[in-house]
Amino acid sequence: MSVPTVVVHRDGEVLAKAVAARIITRLVDVQSAKGSASLVLTGGTVGVATLAAIRDTPARDAVDWRRLDIWWGDERFLPTGDPERNETGARQALLDHVDVDPERVHVMLGPDSGLSAEESADAYATELRKASRPEDHGPAPSFDVMLLGMGPDAHVASLFPGMPSLYDTRTVVAVHGAPKPPPTRISLTLPVIQGSREVWVVAAGEGKSGAVRLALSESGPVQVPAAGARGRGRTLFLLDRAAAGKIPPGLGRIASP
């Protein structure tokens with residue numbers, strides 16, 4: 001796994017725009033090199049703001065949206081169209097405004113599909129397996145970019161501290177009893193996160209500063225899930241100044257104006 005690089009921006013608004021620009025550049029580079037690219041989306045305030053920033057910049061047209069596979073790191077097990085679903089926020093912020101191929105938008109199904117949470121997780125695992133290629137060396141794609149938000153408790157995706165899902169070696173799990181509502185969710189697991197080519201953890205606000213400090217320390221991922229958010233080739237912690245406020249010295253922080 002890669003050692004994290006920390007990049008700090010002035011505030012949440014600048015952070016979202018900077019992450020948007022970074023995503024566009026990365027997707028264009030990957031598509032130029034191999035024809036298509038894969039991006040894993042996250043929810044949350046900064047995650048949605050980042051997608052809106054992509055929507056609002058003319059540079060978005062540099063991406064070939066028809067040659068992009070879009071996935072989610074986790075989803076709240078709620079019906080299609082529910083405003084609390086990560087999918088709903090992503091569609092409103094970006095996906096409804098660009099020419100994506102519907103067959104390449106990989107949604108985690110909700111209860112309106114007729115599936116249980118466990119069945120939805122299994123269905124997503126099947127999609128991952130079908131999309132995996134020999135060079136991925138596993139039952140899920142090695143995603144080009146995986147975006148992850150982080151909670152004040154240092155959870156990523158829907159992997160919460162101390163919960164059994166952190167020990168799970170499957171690709172996708174149903175999460176019950178999550179400490180943050182809604183209690184039932186679907187989530188990728190740490191092995192899938194760590195199999196990604198690049199993992200970008202995005203966090204803003206003073207309330208995240210303690211979690212950021214722990215995630216960049218020697219903490220174990222069972223108690224600090226974000227400490228296990230590492231990509232195979234590259235890991236970025238993209239922060240605003242408030243979220244970076246408790247970072248210990250000597251971690252190679254890169255400050256931006």
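This is a predicted model: local features need pLDDT of at least 70, side-chain atom pairs count only at pLDDT 80 or more; totals for chains, interfaces and linings use all residues.

Colleague: OK. What volume does the largest pocket have?

Modeller: About 370 Å³. A pocket here is an open set of points on a 1 Å grid over the protein atoms alone, where a 1.4 Å probe fits, with protein on both sides within 12 Å along at least five of seven lines; lining residues have an atom within 4 Å of a point. The volume is the space filled by probe spheres set on the points, which are joined across faces, edges and corners.

Colleague: Which residues are closest to its centre?

Modeller: Gly 43, Gly 44, Gly 149, Met 150 and Lys 180, out of 22 lining residues.

Colleague: And which element gives the most to that lining?

Modeller: Helix 2, with four residues. Helices (H or I, at least four residues) and strands (E, at least two) are DSSP runs, numbered from the N terminus.

Colleague: How does the lining split by class?

Modeller: Eight nonpolar, nine polar and five charged. Ala, Val, Leu, Ile, Met, Phe, Trp, Tyr, Cys and Pro count as nonpolar, Asp, Glu, Lys and Arg as charged, and the others, Gly among them, as polar.

Colleague: What about the second largest pocket?

Modeller: That one is about 190 Å³. Its lining has 14 residues, with Ser 36, Ser 38, Asp 69, Ala 131 and Arg 133 nearest the centre. By class, that's four nonpolar, three polar and seven charged.

Colleague: Switching to helices: at what angle do helix 1 and helix 2 cross?

Modeller: Roughly 60 degrees, and their axes come within 8 Å. Axes are lines fitted to C-alpha atoms over the stretch in contact, and angles run from 0 to 180 degrees between N-to-C directions. That makes helix 1 oblique to helix 2, since under 35 degrees is roughly parallel, over 145 roughly antiparallel, 65 to 115 roughly perpendicular and the rest oblique.

Colleague: What does helix 2 do with helix 3?

Modeller: They pack at about 25 degrees with axes 8 Å apart, so helix 2 is roughly parallel to helix 3. In helix 2, Gly 44, Val 48, Leu 51, Ala 52 and Arg 55 meet Asn 86, Gly 89, Ala 90, Gln 92 and Ala 93 in helix 3, where contact means heavy atoms within 4.5 Å.

Key: Residues are numbered from 1 along each chain as its sequence is written. Side-chain values use heavy atoms; hydrogens and water are left out.
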